Amino acid sequence: MKKIFEIARWEYVEKIRTKSFIISLIITPFVIILFSIIPTMLSEDNPETTRIFGLLDETNISFTDLTQELSQYKLKNHQPVYLLINLNVNEKSFDENQNDADKKVIAGSIDGYILIYKMQNDSLGLEFRGRNFSSSQDITRFETALNNIALKQQLKANNINPQIINFNKNKISFNQIKITDSGGSNTDFLSVFYTSIIFIVLLTLMIIYSGQMLVRSLLEEKSNRLIEILISSCKSEELLTGKIIGLTALGLTQIIIWTFIAMVLTGINVISTNSLQNIPEILVYLILGYLFYTSLLVGIGSVVSTEQEAQQVTSYLSMILIIPIVIILPAMQNPQSDLIKILSFIPLTLPSVMILKLNITNITILEFAITVIIMIISIFLTITISAKIFKIGILYYDKMPTLKELKNWIFQK
């Protein structure tokens, strides 16, 4: 036991001193937070100057009505966001007006223009033409304004007061409340999405980074024959257990520091307190998932002999780890789907999927207990199998073993 903890201490101290670990420890959480905040900031960012758009129309949409509809949007200095100019020249045909409008866009005299034309079924055809794609916010505003004008004209044609459209603008909206045993909490799609993806990405980065560090460390020890010196002074089982404990302690260090950073950012309102409501359960899955993949990588990493083989091993596992990130949107829409249920009981995807489910639905104590037991059993079996592979693999040089050889290593007494 003394040798195991000595190896674990050596593994921990050697890895925690590296510059790459220190940089990733500090930079990684801030990068993830920036990726979470920047999209929201960009989506809410308003232009600082008035933009000029044209209107080219062969229907009876009123230029004055459209200008009035768009006048409600203001800059911070209370100037209009949009300045609309009429591109219809009566002396010219519609095609000639369109050619002139295109030339103005290319010359930069206008930012773009709205083209309205009649279709064969008497419906309106709408196009936005510009050198660049306009933002979704602009397009939504243009569509809303044109729909309001068309509706008002239809109401007038049927002798209905068009002011009734103002009632339609007062939309009824829902606040989503997630009910738990401790009560209800306000939530929304974006906060749940970002909270889920932050923790899943943290787990993924921890495993990928630690996995690469472990595999390269084993490769280096095999290359310079240091592994033979270590084996001569201790048993292979002691070396494997020590490495797992050392790397797990390294992962816990990351989790503790990142949790502290999250608490500080919560205190200054950078991230929501709702993001931390399931922290105890999330930490359980983070630790179990990290321990499972570490045990798996110790066994797999012991058989690699080249840098290329090491990259292949970590890249295959990275593809598996990305699965929960890929399915996060459909999972949020349907957390009780059969696919989510299956993935929540497979050890390779269980930690990430359960972290996702914790944020989007209520997890029963029974489901929590079952998934934790599955992970503990999986970790035990993985360590047992990895120990058999590790015992021979660390002294296996020149080439990767075949599946038949691995099978013999695992089942031999």
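Me: As I understand the labels, helices are DSSP runs of H or I with at least four residues, strands are runs of E with at least two, and both are numbered from the N terminus. With those labels in hand, where is the place of His-78?

Reply: Happy to walk through it with you. Please keep in mind that this is a predicted model. His-78 sits in the loop that runs between α3 (63-70) and β2 (82-86).

Me: Now the whole chain. How many helices and strands are there, and what share of the residues is buried?

Reply: The chain has 16 helices and 6 strands. Of its 413 residues, 42% are buried. Contacts give you another view of the fold: taking those between residues at least 6 apart in sequence, 74% join residues at least 24 apart.

Me: How do I read the core? Which residues touch the most other members of the largest nonpolar core?

Reply: In soluble globular proteins, nonpolar side chains tend to be buried together. In this model the largest nonpolar core has 61 residues, and the members that touch the most others are Leu-239, Tyr-293, Ile-355 and Phe-390. Helix α7 (residues 189-223) gives this core its largest share, 13 residues. Another core, of 15 residues, lies apart from the largest one and includes Phe-53, Tyr-73, Ile-116 and Leu-146.

Me: On to helix packing. At what angle do α10 and α14 pack?

Reply: The idea is to compare the N-to-C directions of the two helix axes. Helix α10 (residues 279-301) packs on α14 at about 170°, with 9 Å between the axes. Angles over 145 degrees count as roughly antiparallel, so α10 is roughly antiparallel to α14. From α10, the residues that meet α14 are Glu-281, Ile-282, Tyr-285, Leu-286 and Gly-289, and their partners in α14 are Leu-350, Pro-351, Met-354, Ile-355 and Leu-358. Sorted by class, this contact holds 8 nonpolar, 1 polar and 1 charged residues.

Me: What about α14 and α15: how far apart are their axes?

Reply: The axes of helix α14 (residues 350-360) and α15 are 11 Å apart, and the packing angle is about 160°. That makes α14 roughly antiparallel to α15. The crossing of these two is left-handed. Leu-350, Pro-351, Met-354 and Lys-357 supply the α14 side of the contact, while Glu-367, Thr-371, Ile-374 and Met-375 supply the α15 side. That contact divides into 5 nonpolar, 1 polar and 2 charged residues.

Me: And at roughly what angle do the axes of α15 and α16 cross?

Reply: Helix α15 (residues 365-393) and helix α16 (residues 403-411) have axes that cross at roughly 115° and come within 8 Å. That makes α15 roughly perpendicular to α16. This crossing is right-handed. Look for Ile-385, Lys-388, Ile-389, Ile-392 and Gly-393 in α15, meeting Leu-406, Trp-409 and Ile-410 in α16.

Me: One last residue. Which residues is Asp-138 in contact with, leaving aside neighbours within four places in sequence?

Reply: Asp-138 is in contact with Arg-51 and Tyr-82. The C-alpha atoms of Asp-138 and Tyr-82 are 9.5 Å apart, although 56 residues separate the two in sequence. Asp-138 belongs to helix α5 (residues 136-157), and it is buried, with a relative accessible area of 0%.

Note on methods:
Residues numbered from 1 in each chain as written. Predicted model: local features only at pLDDT ≥ 70, side-chain atom pairs only at ≥ 80, totals over all residues. Heavy atoms only, no water. Core = buried A, V, L, I, M, F, W, Y, C linked by side-chain atoms within 4.5 Å. Buried < 20%, exposed > 50% of the residue type's maximum accessible area, 1.4 Å probe, protein only. Axes fitted to C-alpha atoms, helices over the stretch in contact; angles between N-to-C directions. Parallel < 35°, antiparallel > 145°, perpendicular 65-115°, else oblique. Left-handed = near helix turned anticlockwise from the far one by under 90°. Contact = heavy atoms within 4.5 Å. Nonpolar A, V, L, I, M, F, W, Y, C, P; charged D, E, K, R; others polar.
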